[in-house]
Amino acid sequence: MKNYHIITFGCQMNVYDSGRLRGLLAERGWRSVATLAEADFIFLNACSIREKAAQRVIARLKELKPLKKARPSVLIGVGGCLAEQEGVAFLAQIPFLSLIVGPGRLGEIPERLASLDPQGPALILTGTGRASETASPGSENEVASEEESEIASEARPTPPGPAALSSFLTIMEGCDNFCAYCVVPYLRGRERSRPPAAILREAESLLAQGCREITLLGQNVNSYAPTRLDPLEPGQPPFVALLKKLAAYPELWRLRFTTSHPKDFSPELIELFGSLPTLCPQLHLPLQSGSDAILRAMGRRYDRAGYLELVRQLRQANPQLALSTDIIVGFPGETEADWRMTQELLAEIRFDSIFSFKYSDRPQTRAQNLPNKVPELEKSRRLFETQLLQKAITLEINQTLVGQTLEVLVTGTGRRPGQLSGRTGSLKIVNFPGPNWLQGQLTQVEITEAHVASLLGRLPEAQDTFARSA
Ligand code: SAH
Ligand code: SF4
Ligand code: F3S
């Protein structure tokens with residue numbers, strides 16, 4: 001029996017991939033351990049979306065140097081988008097790495113580990129096909145064909161033991177949108193949709209293991225377009241057909257998806273938010289900017305008016321819909337007036353929450369070469385003010401929930417003793433005092449207090465606690 005420890009950075013894709021790797025390692029008799037000191041194999045699943053994200057991973061890897069020195073037999077590997085980006089160049093910064101694996105080659109790790117010499121040359125697995133071994137920085141790593149990866153991506157054992165009450169399920173990989181600022185299409189490759197049968201099989205396996213909430217994952221889930229349509233109904237968008245199929249499982253209480261692109265919303269998909277009760281009233285809909293000039297420069301393929309109209313239709317389909325978004329401030333060429341337009345749009349739409357970022361130059365992207373970069377200090381100011389505005393909006397929205405009774409999926413314990421924690425259909429965190437046996441259940445909670453990041457609540461007195469039970 002050998003021990004491993006995985007550290008995950010980045011988005012849900014990496015979280016999902018780490019889970020997949022756990023499943024594959026368990027099949028080969030590896031055991032997950034909580035501390036680095038016990039691990040024979042340490043794997044960092046790394047992100048490259050912004051420079052800061054990449055720097056964080058490098059810093060964490062550097063911290064492992066003394067451990068490798070004290071115990072040379074330990075295998076240290078790095079994966080995820082940053083591994084794909086850096087490839088063999090990673091060794092120049094972190095020479096003690098034994099393994100560098102891009103997201104498309106993750107499945108090859110378990111079989112290759114056994115033959116890896118912790119003191120020998122590093123194994124570089126990037127691209128989506130054959131391996132290339134290298135002894136020193138400077139040698140080339142091969143990048144192989146795309147077709148093989150779809151086949152590889154179909155075998156996905158889920159981690160052993162009970163599935164998480166709330167689980168991710170990848171329905172597509174890669175991205176074809178090439179937004180001017182974004183590194184994802186270069187690192188995760190072209191868009192590939194998994195066959196519906198494979199997705200349904202994985203959903204059934206999750207549900208059989210106790211999962212009750214599934215979040216479908218992909219960089220652009222609403223452009224889901226499998227080449228083999230077999231079990232899906234013709235005459236409707238494949239993503240809509242897939243959502244309906246999944247919602248039909250009686251064991252599935254909640255269904256979500258992320259991320260969707262505003263340009264790919266069909267009328268049928270909008271309508272589902274009003275007609276499919278299992279589909280949660282919650283949507284992450286990246287806006288990025290409120291200025292048409294910046295949206296055009298970003299290559300987002302919608303404008304301010306189009307986005308607003310989409311929001312209007314979505315809210316018409318379901319007035320309860322909680323919306324969140326992503327905002328980038330300081331994209332090259334963004335003037336004060338452009339940024340103000342984003343502020344105005346945030347105030348007009350009133351998202352439940354936003355994720356906001358300072359624009360960051362990324363390798364290979366078009367934006368990297370654009371003129372009129374916004375100074376760092378100016379980006380910081382815009383980010384600060386954007387977040388200040390949104391905090392006030394989020395708090396106001398959350399305060400309207402005080403006094404309401406909401407359905408909460410209890411996922412664990414809260415921070416205080418005796419407290420439980422869960423999420424509403426709108427994805428808001430609710431902490432409330434309650435008995436432990438409520439974990440894993442849906443229950444009604446009366447909201448008593450609102451904060452920016454969470455709500456406080458209590459179990460209503462004398463009630464029929466369960467909306468549904470397992
Ligand atoms: N596929 C999703 C999310 C991609 S990454 C989508 O299309 O929305 C998550 C977020 O990171 C993006 O929505 C964007 O807001 C932000 N982001 C991506 N690249 C960035 C960069 N170079 N600088 C700053 N923020 C970036
Ligand atoms: Fe990046 Fe745009 Fe693709 Fe999202 S849609 S992953 S932001 S290129
Ligand atoms: Fe990061 Fe790759 Fe996700 S760059 S955000 S881990 S797709």
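This is a predicted model: local features need pLDDT of at least 70, side-chain atom pairs count only at pLDDT 80 or more; totals for chains, interfaces and linings use all residues.
Residues are numbered from 1 along each chain as its sequence is written, chains are lettered from A and ligands numbered from 1 in the order in which they are written, and side-chain values use heavy atoms, with hydrogens and water left out.

**Helix 15**

I take helices (H or I, at least four residues) and strands (E, at least two) as DSSP runs, numbered from the N terminus. I then listed the buried residues of helix 15, which include Leu383, Ile393 and Ile397, but also Lys379 and Arg382. Buried means under 20% relative accessible area, exposed over 50%, and partly exposed in between (1.4 Å probe, protein chains only). These buried residues pack against strand 14 (322-329), helix 14 (336-349), strand 15 (353-358), strand 19 (442-450) and strand 20 (455-458), where contact means heavy atoms within 4.5 Å.

**Whole chain**

I count 15 helices and 20 strands in the chain, and of its 470 residues 54% are buried. Among contacts with a separation of 6 or more, 70% come from residues 24 or more positions apart. The chain exposes about 20300 Å², of which carbon and sulfur atoms supply 53%; the area comes from the Shrake-Rupley method with a 1.4 Å probe.

**Two covered strands**

In strand 3 (residues 41-46) I find 6 of 6 residues buried, with Phe41, Phe43 and Asn45 on one side and Ile42, Leu44 and Ala46 on the other. Strand 3 pairs in the parallel sense with strand 1 (residues 2-8) over 5 bridges, and 5 bridges also join strand 3 to strand 4 (residues 75-79), again parallel; pairing requires that DSSP finds at least two bridges between the strands. Ile42 is the bridge partner of His5 and stands opposite Ile76 in strand 4.

Strand 12 (residues 254-258) has 5 of its 5 residues buried: Arg254, Arg256 and Thr258 point one way, and Leu255 and Phe257 the other way. Strand 11 (residues 213-217) runs parallel to strand 12 and is joined to it by 5 bridges, with Ile214 opposite Leu255.

**Leu427**

I next checked Leu427, in the loop between strand 17 (419-424) and strand 18 (429-433), which counts as partly exposed because its relative accessibility is 31%. Leaving aside neighbours within four places in sequence, Leu427 is in contact with Arg256 and Gln282. Leu427 and Leu283 are 144 residues apart in sequence, yet 9.3 Å apart in space, C-alpha to C-alpha.

**Ligand shells**

Which residues surround ligand 3? I find Cys11, Asn14, Cys47, Ser48, Ile49, Cys81, Val184, Arg188 and Gln219, each with a heavy atom within 4 Å. They divide into 5 nonpolar, 3 polar and 1 charged, where Ala, Val, Leu, Ile, Met, Phe, Trp, Tyr, Cys and Pro count as nonpolar, Asp, Glu, Lys and Arg as charged, and the others, Gly among them, as polar. The shell of ligand 2 includes Cys175, Cys179, Cys182, Val184, Gln219, His261 and Arg300, and that shell divides into 7 nonpolar, 3 polar and 1 charged. I note that Val184 and Gln219 are listed around ligand 2 and ligand 3.
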